[in-house]
Amino acid sequence: MSDSEVITVAVVGASFAGLAVLKSIIRQYKQVFLHWQKTGEPYKLGRIQVYLIDPKRGFINTFAIPRAITNVEIAALTYASLDDLNLPYSVYSTEANNVKREDYDTEDAYNEAVKIDQLLQDRIEVRFIQGTVLEVYEHHLLIDDMEGDEIDLPFNYCVYVPGKKRLWPLNPEGFTKSSFMEEIYQAFTCIANSQYVTIAGGGIIGCQVATEVKARFSDKSVTLLHSGHAIPSLSNRFNKEDDGDLPTTELQVQALQKLKEMGIDVRLNSRALREVEIPDDKGRIRRYVLTKEQSHVRSDITLWCCKNEPITYPLLSTSLKEAVSPTDGSVLLNECCQVEGFPSVYSLGDVSNLQTMMNEKQLDLSLETIFGLVISSEIVSTNIIKSIVNAQNPSLDKKKLVRIEEVAAVAERVLGKDLCSAQHNEVVLSLGPEHCISQSVGVYKDETGHLRLKEGAVATDKPDVLELLKDMNTKRVGKLLNINFYDSDYQFKDTAPSPGTDNVSKNSDESSKKDSSVQLDNESNTDDINLEKGIGLLNQLDNLELADSDDDSKQS
């Protein structure tokens, strides 16, 4: 491949992981190119074109959905339209490409940065396709563009991160911000008009939904049904067949206590099967949830938080079906996050078995956390850039791909030595606007070879964590991914809007004019991390000398 040929990377899913990988790929490509430009080394690096494919014309902070369905104000803040994603080197976010004079100490440095930026404009392009991926092959995608046409997109590398399919209302389609607000308002109204609310599933999301509903509507009867012996369920961090044998943890003890204090009827070892309608003694039809134990739980509305599965149907009709687990439907990966048997396709997040692999190797990384997703995304983007360098420069010593065993080194580079252990494996359980429980967790194998939980200290209602949870980490996500959700000086209302009286339009596309440089206040110093700034993992992991920032002319 010559220097003038184009490398195509397809990112399937405008998810947290998808955007993190995309922006990290562009950053690391720039670092390699600028280093070689500076040194004059005669190495090749072709132009790069990155496609982002998703049915949504924007990004939803899915961490916020449990609160958004009971608080329209929060919902309006947690959707960033395409123009606000700051996609570098794209026609959608021109502000993301601007070189600003105030960022440079001297006129010469600024002029040099402008020249470099103009050079990169000819080498990097990011495009967005609003559509649904129908089939994934080893070197091309088949896409429905939502207008009745199909697109056959060839690629050199693909990152498959569509996430999991969840049930209403936890899976808003969110094609646009207007349609997202319509969906949220519909869910909000249904919950508001129901007296008996049942949450099926006691995982982290189920616990959060139950407490948000009860906190917002204290007069409602809220029941949480969970098939396991403790909440929240920890089966995603262990082999599922072992879950029933796990001892109850301190986090689970305190979570159960808090839910009961809030007046939520928690029923453990009770699996929800389906909704049924039964007439009462006056002939009126009443809705219930039928459990496996054949009991009936009164339920005007049931929020299913237990039925979710990886979105892998685009792989099942192609040769990649061999890489789909027959037991849980996840995408099977190798130790470099490549789809097993298909080195040109990568994956991560909850569509894959990456968490299971981390657990088996006793690596303390939770993909339920923001920082866990950032770290795993960095592994994938680094490996793609290394693969590009290897393919185009056979005379160079081959760059070894990063393996998941190196996650500790990656975490330290991303978060810093003092913060990595405290952040990438800390699970935070939000229990309504006023309460939360956090705990650092890890795994180890006992003498029988079974995975067990390694517990850290449990903290409740930490003020700094509650501050971050005001918007369910939306500002933090915006900072990490350089996304404009809302103005930094936005003032939250003291109470959530009520049905029919809220002043946030369900059709509004204009909630809060954004500021491209979101400033975070009252937050921990972990929020100085910004993936746009660059870490330079290539040089830190195998001695390829690269700049630590996006260009060498920028003055600190």
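How do strand β2 and β5 pair, and over how many bridges? Strand β2 (residues 47-54) and β5 pair in the parallel sense over seven bridges; strands count as paired if DSSP finds at least two bridges between them. The model is predicted, so local features need pLDDT of at least 70 and side-chain atom pairs pLDDT 80 or more, while totals for chains, interfaces and linings use all residues. Residues are numbered from 1 along each chain as its sequence is written, and side-chain values use heavy atoms, without hydrogens and water.

**Sheet**
- Six strands form an open sheet with mixed pairing, in the order β5-β2-β1-β9-β20-β19; strands are DSSP E runs of at least two residues, and helices H or I runs of at least four, numbered from the N terminus.
- β5 (124-130) and β19 (338-339) each have a single partner strand, so one side of each lacks a neighbour in the sheet.
- The bridge partner of L52 is F128 in β5.

**Helix α5**
- Buried residues (under 20% relative accessible area, 1.4 Å probe, protein chains only) of α5 include F180, I184 and F188.
- What covers the buried residues of α5 includes α6 (204-216) and β17.

**T302**
- T302 lies in strand β17 (residues 301-304) and is buried, at 5% relative accessible area.
- Its side chain makes polar contacts (N or O atoms within 3.5 Å, one able to donate a hydrogen and the other to accept it; residues adjacent in sequence count only if both atoms are side-chain atoms) with the side chains of E275 (3.3 Å) and S299 (2.8 Å).

Key
Buried < 20%, exposed > 50% of the residue type's maximum accessible area, 1.4 Å probe, protein only. Contact = heavy atoms within 4.5 Å.
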